[in-house]
Amino acid sequence: MAGSGVFGEIIDGDVFKYYADGEWKKSSSGKAVSIINPTTRKTQYKVQACTQEEVNKVMETAKAAQKSWAKTPLWKRAELLHKAAAILKEHKAPIAEALIKEIAKPAKDAVTEVVRSGDLVSYCAEEGVRILGQGTFLVSDSFPGNERTKYCLTSKIPLGVVLAIPPFNYPVNLAVSKIAPALIAGNSLVLKPPTQGAVACLHMVHCFHLAGFPKGLISCITGKGSEIGDFLTMHPGVNCISFTGGDTGIAISKKAGMIPLQMELGGKDACIVLEDADLDLVAANIIKGGFSYSGQRCTAVKVVLVMESVADTLVEKVKSKVAKLTVGPPEDDCDITPVVSESSANFIEGLVMDAKQKGATFCQEYKREGNLIWPLLLDHVRPDMRIAWEEPFGPVLPVIRIGSVEEGIHHCNASNFGLQGCVFTKDINKAMLISDAMESGTIQINSAPARGPDHFPFQGIKDSGIGSQGITNSINMMTKVKSTVINLPSPSYTMG
Ligand code: G3P
């Protein structure tokens with residue numbers, strides 16, 4: 001159970017503590033933030049409402065701890081990360097339980113998220129010792145006008161304090177995808193978890209605590225965004241922000257100082273289907289891509305752009321698969337579970353009603369109970385409907401019928417988002433040309449969009465983000481280059 005066994009020390013009464021200076025603490029605010037279970041719509045957990053003063057203290061200790069951590073041998077940093085990964089996997093059950101209760105993640109997916117996170121941490125430790133164990137060596141005479149009198153040695157050094165802000169949909173995985181690269185690179189880490197997902201994050205942080213990381217190196221601060229959100233992101237002690245979430249990221253990037261930013265802010269991932277596509281493969285990928293975790297993934301298929309000549313057949317195939325999706329509580333490992341909050345469900349409903357009013361064809365009856373929305377495929381969606389452009393983050397998927405591939409590419413590129421996209425065709429030449437033409441960070445050929453495997457580069461363009469993630473890119477992003485130049489005497493100098 002969450003908050004029991006080895007996790008007993010992270011809770012006080014019914015309120016989970018926050019983590020600072022290597023200890024679990026109660027906030028001096030005396031206040032708590034409630035976490036609503038999306039399924040029961042009742043308070044499931046409570047976390048500390050930390051104060052700005054507590055943020056200041058965390059930043060001070062993070063800064064001090066980073067200095068000695070940066071001097072800790074790389075192999076030792078890697079060893080601790082491997083240890084944390086093993087502890088995380090060992091305690092997958094209580095962390096998965098928190099994911100089920102806080103964000104209604106289906107039971108099996110909740111366990112997968114924790115195991116994937118452990119693997120990510122281990123991979124990051126391995127990758128870190130390789131790429132940080134190398135530097136470059138340059139000589140001056142390759143640049144016009146120079147003699148061979150300067151040798152330049154470069155290495156990668158840490159940035160300092162990294163602020164990690166993961167989203168509700170992968171609170172553990174998208175937290176460790178920031179924590180592990182930051183730590184292996186010699187940074188300290190301050191984590192601000194999403195409110196829903198905070199308890200899973202606190203459990204994950206305890207696994208790092210149990211692994212024996214130095215005091216103050218990792219902190220986890222919970223609380224109200226209105227109280228500590230801007231204060232954290234604009235804090236002068238922060239040297240890098242890695243954020244995944246919605247358009248709050250755009251506001252953060254405008255307010256943050258002159259520090260490196262890594263942002264992943266959602267998408268409207270398009271699925272372009274050509275006439276020669278294997279329609280069974282497409283239908284299977286639309287189901288997986290559009291409806292897994294009830295569509296609450298940045299990389300979910302969010303609009304299908306299908307050639308008119310095969311649209312009827314494809315829609316029928318998808319429809320019959322939608323009918324087989326199980327709908328219900330996450331504890332029963334249903335395919336479709338309640339969306340994260342009432343406001344999210346209301347937003348999704350708004351998009352659905354707008355499409356209905358403007359004449360979209362509903363392939364299923366629209367049904368909602370509380371935060372649970374039954375899966376819905378909307379055919380004959382047109383560009384004047386909001387759902388053609390907006391990101392529902394729910395189990396509702398629009399189909400737009402297109403008369404030409406160019407029309408599909410045009411729709412994709414007219415979006416403000418550019419995270420991922422996919423194209424289905426048996427003609428690799430066409431697929432490559434379409435991939436080149438689609439303005440998105442990644443294009444999948446003959447598969448639904450996905451972030452993983454976690455060492456692949458992952459990036460959005462336009463409003464979908466800044467920078468590139470994936471293990472290697474994140475490690476590099478959380479470092480800066482340091483050069484040392486050895487100046488030698490002029491060529492006329494003689495050794496004899
Ligand atoms: O929604 C966040 C994004 O990172 C999704 O990841 O693994 O479901 O493709 P994934």
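Modeller: With a definition: a polar contact is a pair of N or O atoms within 3.5 Å; within protein, one must be able to donate a hydrogen and the other to accept it, and residues adjacent in sequence count only if both atoms are side-chain atoms. This is a predicted model, where local features need pLDDT of at least 70 and side-chain atom pairs count only at pLDDT 80 or more, while totals for chains, interfaces and linings use all residues. Residues are numbered from 1 along each chain as its sequence is written, and side-chain values use heavy atoms, with hydrogens and water left out.

Colleague: OK. How far is an N or O atom in the side chain of R451 from an oxygen atom of the ligand?
Modeller: That distance is 2.5 Å. For Y170, a side-chain N or O atom lies 2.4 Å from a ligand oxygen. R116 has a polar side-chain atom 3.0 Å from an oxygen atom of the ligand.

Colleague: And how much of the ligand does the protein bury?
Modeller: The protein buries 97% of the 310 Å² that the ligand exposes when taken alone. Such areas come from the Shrake-Rupley method with a 1.4 Å probe; for residues, only the protein chains shown count as cover.

Colleague: Which other residues are around the ligand?
Modeller: Among them are N169, L174, E264, C298 and F458. Being near means that one of a residue's heavy atoms lies within 4 Å of the molecule or strand.

Colleague: What does UniProt say about E264?
Modeller: An unreviewed UniProt entry annotates E264 as "active site". UniProt positions are given in the numbering used here, feature names are shortened, and annotations may be inferred rather than shown by experiment.

Colleague: Is E264 buried or exposed?
Modeller: E264 is buried, because its relative accessibility is 1%. Buried means under 20% relative accessible area, exposed over 50%, and partly exposed in between (1.4 Å probe, protein chains only). Leaving out residues up to four places away in sequence, E264 touches several residues, including C298 and F458; contact means heavy atoms within 4.5 Å.

Colleague: New topic. Which peptide bond is cis?
Modeller: The one from G452 to P453, with omega near -5 degrees. P453 sits in the loop between β23 (442–445) and β24 (458–459). Strands (E, at least two residues) and helices (H or I, at least four) are DSSP runs, numbered from the N terminus. Most peptide bonds are trans, and most residues other than glycine have a negative phi.

Colleague: What about the phi of D21?
Modeller: D21 is not a glycine, yet has a positive phi of about 55 degrees. D21 is in the loop between β3 (18–20) and β4 (23–25).
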